[in-house]
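Here's a quick tour for anyone meeting this structure for the first time. Have a look at the sequence and the model, then read on.

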Amino acid sequence: MSDPAGLVRMLNQIAANVAHHPHDQAVAEIAAHLRSSWAPAMRAELFAYLDGGGLDLTPLAAAAAEELRAATTRWSPA
Amino acid sequence: MTLLREPDHGTPDRTGAVEARSVTVEIDGTAVTVPAGTSVMRAAGLAGVEIPRLCATDSLEPFGSCRLCLVEIEGRKGTPASCTTPCGPDMIVTTQSPRLQRLRRGVTELYASDHPRDCLTSDTHRECELRALAKTVGLTDVRYGTGGKNHLDAAKDESNPYFTFDPTECIACSRCVRACDEVQGTFALTIAGRGFGSTVSASAGEPFMESECVSCGACVQACPTSALQEKAVIALGPPERTVLTTCAYCGVGCSFKAELRGEEVVRMVPQKAGGANEGHSCVKGRFAWGYASHRDRQLSPMVRESITDPWRNVSWDEAISYAASRLTAIQAEHGVRSIGGITSSRCTNEEVFVVQKMIRAAFGNNNVDTCARVCHAPTGYGLSQTFGTSAGTQDFKSVQQADVILLIGANPTDGHPVFASRLKQRLRKGAALVVVDPRRIDLVRSPHVEAAQHLQLSPGSNVAMVNALGHVVVTEGLVDRAFVEQRCEADSFARWEQFIARPENSPESTEQITGVPAEQVRTAARLYATAPNAAIYYGLGVTEHSQGSTTVMGMANLAMATGNIGRAGVGINPLRGQNNVQGSCDLGSFPHELPGYRHVSNDAARQIFEQKWARTLDPEPGLRIPNMLDAAIGGTYRGMFIQGEDIAQSDPNVKHVKAALAALDLLVVQDLFLNETAAFAHVFLPGTSFLEKDGTFTNAERRINRVRPVMEPRCGKQEWQVACDLASAMGYPMHYDDGSQIMDEIAATTPTFAGVSFARLDEMGSLQWPCNAAAPDGTPTMHVDGFVRGKGHFVDTPFVPTDERTSRKFPLILTTGRILSQYNVGAQTRRTPNVQWHNEDVLEIHPHDAEERGILDGATVAITSRVGQTVLRARIADRMPQGVVYTTFHYPGSGANIVTTDNSDWATNCPEYKVTAVQVMPTSQAPASDQSLQESAPVQLGLVQT
């Protein structure tokens with residue numbers, strides 16, 4: 001995948017649909033959803049987009065993406 | 001098997017119809033005990049005594065017109081008709097006596113006097129019950145001669161492509177009329193005229209084809225003579241043997257008797273013992289199977305280097321070897337996750353299981369998806385979140401015990417016609433119907449059916465509507481507290497109760513979103529919540545939205561809050577689209593789930609398969625179809641195997657789909673025909689029709705039905721053999737002797753299928769999963785004593801509107817769907833005489849919207865969305881609400897999915913087919929005149945080696 005716009009749109013949409021939950025819970029839910037249903041290449045592309053500033057992500061989506069990256073680092077053996 | 005004649009006891013079974021009382025009667029000296037209300041005729045049949053009859057059959061209520069089933073009853077005067085006489089306590093019945101014999105012979109002779117004489121001798125009329133009756137009563141000659149007034153010169157009606165009505169054979173018994181009324185529920189037929197002038201009339205004396213007849217075949221099946229006869233029987237002769245199998249169209253999964261003469265299929269007759277359909281059918285399953293022998297079938301494997309090259313016929317070995325070497329080369333260059341595949345929901349469980357196994361074990365990744373992605377993926381997500389499993393809760397029969405039926409985003413008379421007939425039967429007996437749909441579908445008002453409420457909501461507002469219904473339940477004290485306390489999570493219910501009671505969820509607030517008056521919503525909610533049994537049925541009008549999963553969870557909340565789960569007559573019932581979409585989901589067609597809906601990251605589940613398959617499996621989820629397409633355009637996904645799906649026609653924004661397919665280094669398509677997707681293929685592997693398959697389908701009620709081969713695979717291989725060959729050629733040997741071994745492997749690895757085998761299916765007819773040690777005969781109703789996940793989980797369901805909005809430039813909402821006579825992309829039905837009902841897709845538009853734009857009925861119009869444009873013929877239809885237009889997608893040239901967008905369900909990426917903002921304007925272009933929209937099959941056929 002080379003155009004992250006689709007991923008950004010998907011993630012923002014997921015965030016909008018769980019935004020009614022308390023922030024920490026919403027972040028955890030989104031991260032778990034991405035972990036469970038996004039292929040590794042999609043997650044990697046998302047992280048690359050984050051590195052580039054992640055400008056089009058909503059704050060909740062960006063927080064969830066950061067949480068996913070942190071959790072991925074925790075899950076992956078060094 | 002020789003020709004299977006299912007037992008017919010003349011009148012319906014009364015078990016459970018009245019209070020559980022039984023009566024014992026004596027028939028010709030034999031005592032028989034039957035449920036109260038059972039006719040003497042049926043009791044006699046159960047006692048092994050066949051009473052002659054013509055107007056009676058056990059799928060219809062007794063009518064008492066033919067006067068042949070007369071009996072003598074001790075203590076009663078005269079000779080009452082046994083079909084209309086209920087058994088009484090200690091009744092003593094005589095069915096054979098000289099007097100009865102004389103009466104029956106006399107009546108038979110009168111019938112025969114106005115019946116073609118060759119009926120007694122011609123082989124075509126072998127099935128005529130009058131002919132059989134004449135033999136039974138010993139009638140060899142008719143005393144009345146041929147000079148009298150008769151109907152023997154009446155003209156045939158041959159307008160229907162599948163059956164003929166020959167009035168010369170008609171005995172005016174009304175079985176056809178009653179079948180149309182009682183079984184099908186269309187009320188298209190009547191007996192016109194009186195006395196000698198009585199004749200069967202379609203609608204108001206019109207040819208069948210021009211009448212309201214929906215060609216379900218119920219009348220043909222009910223006809224005791226050859227008056228209504230399949231044209232194939234007339235042409236080929238009566239069938240001689242039967243193969244029991246399952247329809248390959250919609251998710252109802254009707255059981256059929258394929259009846260053959262020699263090796264040729266003469267007709268498909270719905271099986272009375274079929275659990276899903278109980279002897280009924282629709283025009284597709286009953287008649288539209290001729291595509292299996294259509295000249296467009298591609299029976300040879302073919303390969304080509306480039307998609308512009310001519311196809312080259314090759315041997316199976318060469319095609320497999322070519323595909324395997326190129327897939328392997330792609331992986332060597334671009335990585336193990338650079339290829340993947342799509343399983344087909346048109347294929348058997350066994351075929352699907354083997355393809356996903358090939359992808360997981362031989363390809364070595366989880367890049368597998370299926371067409372459920374574009375239909376019921378939100379059902380899987382929503383029901384698993386709330387109930388713990390991804391399937392409907394009931395069997396179809398359950399609707400017969402529903403008192404209120406909430407039908408949301410489904411049009412069963414077109415999409416699931418055999419279930420619609422069951423539903424209409426229940427409605428005619430007094431159940432109330434609430435229709436939630438932007439369109440005035442037929443069930444809102446049709447003969448003898450009228451919805452109590454039609455909540456004609458705006459497209460895209462399902463969540464707001466379901467929330468409003470829930471709001472009324474909670475705020476008006478209609479929650480079933482006992483059920484919730486016993487069966488559901490206290491904390492999630494408490495949260496949901498608080499959420500749903502908020503003012504923004506009230507019918508008064510949501511009225512601005514849904515467009516439905518608040519009082520109407522309140523009335524519907526009260527109806528649903530206070531019914532003894534209330535059931536929800538839904539279709540793609542729920543799932544194919546950006547909030548499809550949310551609506552599914554909202555409906556599950558409603559059912560739990562009102563205690564409408566866990567018994568007959570209630571539940572959440574997805575009307576699944578394709579014949580085996582349930583099975584393909586069950587058996588590991590999703591990129592994140594192994595067979596049995598176990599996540600790929602679940603070590604214990606993965607180990608079961610790793611042990612069985614001797615391969616280490618990828619613990620990471622693979623790509624969904626839209627992700628595969630995006631990745632193809634991005635260059636990281638380069639090779640694809642597509643089994644029996646035509647994503648270049650069926651998926652949204654086909655311009656994007658085609659660009660992705662064109663970007664692949666290798667596309668392998670397995671199908672019956674050179675479909676739109678095959679235009680982008682490098683390897684074409686011929687597939688098998690349902691008449692050639694040997695396996696099982698699982699329908700929307702989780703019913704696993706056998707699909708038995710009527711003929712050998714015309715291309716020489718079963719589809720699972722092809723997947724095994726490809727996997728083996730890629731270095732992972734896969735082999736099965738037959739389909740039953742694959743089902744055995746499924747049973748050994750998938751707990752819900754543990755008790756399923758071909759032998760058990762042959763014994764039981766069908767089995768509904770879960771079928772295991774706890775439920776050895778299967779599970780018709782789920783969540784009876786507890787939810788699969790334990791306690792039911794309530795989910796808050798805020799309404800998040802779709803990004804797709806109307807604007808000054810795109811002021812209308814386009815919604816798409818399907819029609820009775822055609823099926824999905826039309827690959828099958830377009831290759832049958834069903835085209836006589838629907839030979840092009842049209843755009844339905846409200847009269848006001850049409851007038852505002854100067855659009856006349858039949859005019860061509862351009863439909864433009866933010867992603868594309870197509871041209872269709874307009875049909876002005878007041879069943880459309882103002883501001884909403886509708887079309888079908890059965891013809892590739894129509895380009896419905898040129899217009900639909902990439903918007904999709906937030907949780908599952910199921911496309912939002914039901915909401916596309918468009919403008920519609922008159923045009924001078926001919927429909928589908930844009931060359932880019934033309935069907936590619938003719939071009940591809942031109943590239944085929946002859």
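## Strands, cores and a helix pair

In strand S10 of chain B, B:Lys257 sits across from B:Leu244. Before going further, bear in mind that this is a predicted model, where local features need pLDDT of at least 70, side-chain atom pairs count only at pLDDT 80 or more, and totals for chains, interfaces and linings use all residues. Residues are numbered from 1 along each chain as its sequence is written, while chains are lettered from A and ligands numbered from 1 in the order in which they are written.

A word on terms: helices (H or I, at least four residues) and strands (E, at least two) are DSSP runs, numbered from the N terminus. Two strands pair if DSSP finds at least two bridges between them.

**The seven-stranded sheet**

- Chain B also has an open sheet of 7 strands with mixed pairing, in the order S13-S12-S27-S26-S25-S14-S15.
- At its edges are strand S13 (312-313) and strand S15 (368-370) of chain B, each with a single partner strand, so one side of each is left without a neighbour in the sheet.
- Within it, strand S14 (residues 339-343) runs parallel to strand S25 (residues 639-643) of chain B, joined by 4 bridges.
- Which residue of S25(B) is the bridge partner of B:Ile339? That is B:Gly639.

**Around strand S33**

- Strand S33 (residues 860-865) of chain B runs antiparallel to strand S34 (residues 869-876), with 5 bridges between them, and a hairpin of 3 residues links the two.
- In this pair, B:Thr860 faces B:Arg873 of S34(B).
- S33(B) is also joined by 5 bridges to strand S36 (residues 916-922) of chain B, again antiparallel, and B:Val861 is opposite B:Pro922 there.

**Nonpolar cores**

- A nonpolar core is a set of buried Ala, Val, Leu, Ile, Met, Phe, Trp, Tyr and Cys residues joined through C-beta atoms within 7 Å; buried means 20 or more other C-beta atoms within 10 Å, exposed means 12 or fewer, and partly exposed is in between, with C-beta atoms placed from the backbone.
- The largest such core has 162 residues, and B:Ile405, B:Leu407, B:Val434 and B:Leu469 have the most contacts inside it.
- Helix H13 (residues 462-475) of chain B gives the most to this core, with 9 residues.
- Another core lies apart from it, with 139 residues including B:Ile642 and B:Leu667.

**A closer look at B:Ala432**

- B:Ala432 is in strand S17 (residues 432-436) of chain B.
- Is B:Ala432 buried or partly exposed? It is partly exposed, because it has 19 other C-beta atoms within 10 Å.
- The C-alpha atoms of B:Ala432 and B:Tyr528 are 9.1 Å apart, though 96 residues separate them along the chain.
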